[in-house]
Amino acid sequence: MGIYVWGIGCGASEVVEKGLAPERIAAFVDSSPSVERFLNRPVLLPEALEGKDCDLMIVTIRHTEAVAAQCAALGLPEDRILYLKNSLTLTDRNSRCTAAKALLGENLLERLLPRYHVIPEPAGGASTALPREALDGDYVRLATLELLTRQLEAVPGAAAELGVYRGQFAGSINQLLPRRKLYLFDSFQGFASEAGASAAFQAAHEATSIQRVRSALPHPEQAVFKPGFFPDSLDGLEERFCLVSLDVDFVQTTLEGLRYFWPRLSSGGYLLLHDWGNPGLPGVAQALEQYRQELGGVLPAVPLPDRSGTLVLCKP
Ligand SMILES: C[S@@+](CC[C@H](N)C(=O)[O-])C[C@H]1O[C@@H](n2cnc3c(N)ncnc32)[C@H](O)[C@@H]1O
């Protein structure tokens, strides 16, 4: 049985420490090996694999794309490659690897598989409360949301989202804060005519409904829908908030959202300003800058390296 391990560093030794006996490893593979043997097994150059029977390649190094290209050049099919260091890539290459379970067994495979390292693993629990599909959408955005919600236990207030669309992000907030009321503000008919949305952008955002959002919520009983154009849709609402997602794409509504939510955010709470770093939606950063000037001070904030450049404002 030809199990090979790509890499001769810490990742490779971890595989052995976690239970894959060195005798089961045909050889280690390395592009520039510094030794001829590792853990008493031979170390081969990738090209030496040509013509060898490789039932499973366990890749323990980080250069996933480069290794994938080399494996493809060697004719190694994807269903025999298991990547252990792809926890920050958003496509799960391992879903194609059917050989791993058969050769390693479910228990060892579970121990070897990469976890989402950004989320600290609570003792005995799962590493993340969010479903895989949600994280694949925008791992950094969603994993950060999860970490932030874990800081909110002692922070009073409801959660809210202004700009809900089909409820994807709202569903994650609702899942992570199941005991908080969740206010959902959206026109459910796209942008106000003066906002500046193109016809296609507008058409895309019209295709939603309250029913559709409700069905995306794991705890719909916590939802309070506020349909209509913001800020009119507030209708005199007075609340305190622990977490607010502000995601309305254009300058005026973003500014109105900041004016309403920031003063009502509890100390220790967070406001997630989506698209702040998105060059395609410059009005979001403009609105923040204007609001900063109105306040005449600094807004403590952390930028995220997520897909759309969220800025997390932290209430002192
Ligand atoms: C980018 S989408 C929100 C996406 C959602 N936050 C998510 O991540 O799944 C923007 C939404 O803002 C809503 N919106 C924009 N301006 C609005 C306004 N003045 N009042 C109410 N909703 C508004 C649009 O209808 C649209 O559904």
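L39 sits in the loop between β3 (37-38) and β4 (41-44); strands (E, at least two residues) and helices (H or I, at least four) are DSSP runs, numbered from the N terminus. This is a predicted model, in which local features need pLDDT of at least 70, side-chain atom pairs count only at pLDDT 80 or more, and totals for chains, interfaces and linings use all residues. Residues are numbered from 1 along each chain as its sequence is written.

Most residues other than glycine have a negative phi, and most peptide bonds are trans. L39, not a glycine, has a positive phi of about 50°. L39 counts as partly exposed because it has 15 C-beta neighbours inside 10 Å; 20 or more other C-beta atoms within 10 Å make a residue buried, 12 or fewer exposed, and counts in between partly exposed, with C-beta atoms placed from the backbone. Y165 also has a positive phi, near 55°. Y165 lies in the loop between β7 (158-162) and α7, and its 21 C-beta neighbours inside 10 Å class it as buried. F230 and P231 are joined by a cis peptide bond with omega about 10°. P231 belongs to the loop between β9 (223-227) and β10 (241-246).

## Helices α6 and α7

Helix α6 (residues 139-149) packs against helix α7 (residues 168-176) at an angle of about 30°, with the axes 10 Å apart. Therefore α6 is roughly parallel to α7, a label for angles under 35 degrees. Axes are lines fitted to C-alpha atoms over the stretch in contact, and angles run from 0 to 180 degrees between N-to-C directions.

In the contact, L142, L145, E146 and T149 of α6 meet S172, I173 and L176 of α7; contact requires C-beta atoms, placed from the backbone, within 7 Å. These residues divide into 4 nonpolar, 2 polar and 1 charged. Since 7 of the 9 residues of α7 are buried, this helix is largely enclosed by the rest of the structure. The buried set is F169, A170, G171, S172, I173, N174 and L176.

L147 is found in α6 and is partly exposed, with 14 other C-beta atoms within 10 Å.

## Nonpolar cores

The largest nonpolar core has 47 residues, and A160, L246, F261, L271 and L273 have the most contacts inside it. Such a core is a set of buried Ala, Val, Leu, Ile, Met, Phe, Trp, Tyr and Cys residues joined through C-beta atoms within 7 Å. A second, separate core of 31 residues includes Y4, C54, V67 and L76.

Technical notes:
Angles under 35 degrees count as roughly parallel, over 145 as roughly antiparallel, 65 to 115 as roughly perpendicular and the rest as oblique. Two residues are in contact if their C-beta atoms, placed from the backbone, lie within 7 Å. Ala, Val, Leu, Ile, Met, Phe, Trp, Tyr, Cys and Pro count as nonpolar, Asp, Glu, Lys and Arg as charged, and the others, Gly among them, as polar.
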